Amino acid sequence: MNSPTPVEVWAARERSGLTQTEAAALVHGTLRAWQGWEAPEGEPAARRMHPGLWELFQIKTKA
């Protein structure tokens, strides 16, 4: 399994109806980390979400 793209992270959160803070809490992360996962690649804050966290988010939200 690969890390999701920022667009995939954003879209999954939107479908789930969660704020960035709520989504981060589901995977035991911080708001800042979640913002980084949704930041476009190339931006200083951009980070890639670990595949395990992505899977956890999908399980918890049934996405």
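**Figure 1. His28 in the loop between α2 and α3 of a predicted model.** At 69% relative accessibility, His28 counts as exposed (relative accessible area over 50%; buried means under 20%, and partly exposed lies in between, with a 1.4 Å probe and protein chains only). His28 is not a glycine, yet its phi is positive, about 60°. Most residues other than glycine have a negative phi. Helices here are DSSP runs of H or I with at least four residues, strands are runs of E with at least two, and both are numbered from the N terminus. Residues are numbered from 1 along each chain as its sequence is written, and side-chain values use heavy atoms, without hydrogens and water. Because the model is predicted, local features need pLDDT of at least 70 and side-chain atom pairs count only at pLDDT 80 or more, while totals for chains, interfaces and linings use all residues.

**Figure 2. The crossing of helices α1 and α3.** Helix α1 spans residues 6-16 and helix α3 residues 31-38; their axes come within 7 Å and cross at roughly 120°. The axes are lines fitted to C-alpha atoms, for helices over the stretch in contact, and angles run from 0 to 180 degrees between N-to-C directions. The two helices are therefore oblique to each other (angles under 35 degrees count as roughly parallel, over 145 as roughly antiparallel, 65 to 115 as roughly perpendicular, and the rest as oblique). On the α1 side the contact is made by Pro6, Val9, Trp10 and Arg13, and on the α3 side by Trp34, Trp37 and Glu38 (contact means heavy atoms within 4.5 Å). These residues divide into five nonpolar, no polar and two charged. In this grouping Ala, Val, Leu, Ile, Met, Phe, Trp, Tyr, Cys and Pro count as nonpolar, Asp, Glu, Lys and Arg as charged, and the others, Gly among them, as polar.

**Figure 3. Buried residues of α1 and α3.** In α1 the buried residues are Pro6, Val9, Ala11, Ala12 and Arg13, and they pack against α2 (20-26), α3 and α4. In α3 the buried residues are Ala33, Trp34, Gly36, Trp37 and Glu38; their packing partners are α1, α2 and α4. After α1 comes Gly17, with a positive phi near 70°.

**Figure 4. Glu38 and the salt bridge to Arg13.** Glu38 lies in helix α3 and is buried, at 13% relative accessibility. Arg13 is also buried, with a relative accessibility of 8%. The side chains of Arg13 and Glu38 meet in a salt bridge of 2.5 Å, N to O (a side-chain nitrogen of Lys or Arg within 4 Å of a carboxyl oxygen of Asp or Glu). This pair links distant parts of the chain, since Arg13 is in helix α1 and Glu38 in helix α3, 25 residues apart. Leaving aside neighbours within four places in sequence, Glu38 is in contact with Pro6, Val9, Trp10, Arg13 and Gln20.

**Figure 5. The other salt bridges and the network.** The count of salt bridges comes to three. Glu14 forms one with Arg13, with the closest N and O atoms 3.4 Å apart; Glu14 is partly exposed, at 43% relative accessibility. Glu41 forms another with Arg48, where the closest N and O atoms are 3.3 Å apart. Glu41 counts as exposed at 54% relative accessibility, whereas Arg48 is partly exposed at 43%. Shared partners join Arg13, Glu14 and Glu38 into one network of salt bridges.

**Figure 6. Thr61 in helix α4.** Helix α4 covers residues 51-61 and includes Thr61. The relative accessible area of Thr61 is 19%, so Thr61 is buried. A polar atom of the Thr61 side chain lies 2.8 Å from the backbone oxygen of Phe57. Apart from neighbours within four places in sequence, Thr61 is in contact with Ser16, Leu18 and Leu26.

**Figure 7. Thr19 in the loop between α1 and α2.** Thr19 is partly exposed, at 39% relative accessibility. Thr19 and Leu31 are twelve residues apart in sequence, and their C-alpha atoms are 9.5 Å apart in space.

Key:
Polar contact = N/O pair within 3.5 Å; in protein donor to acceptor, adjacent residues only side chain to side chain.
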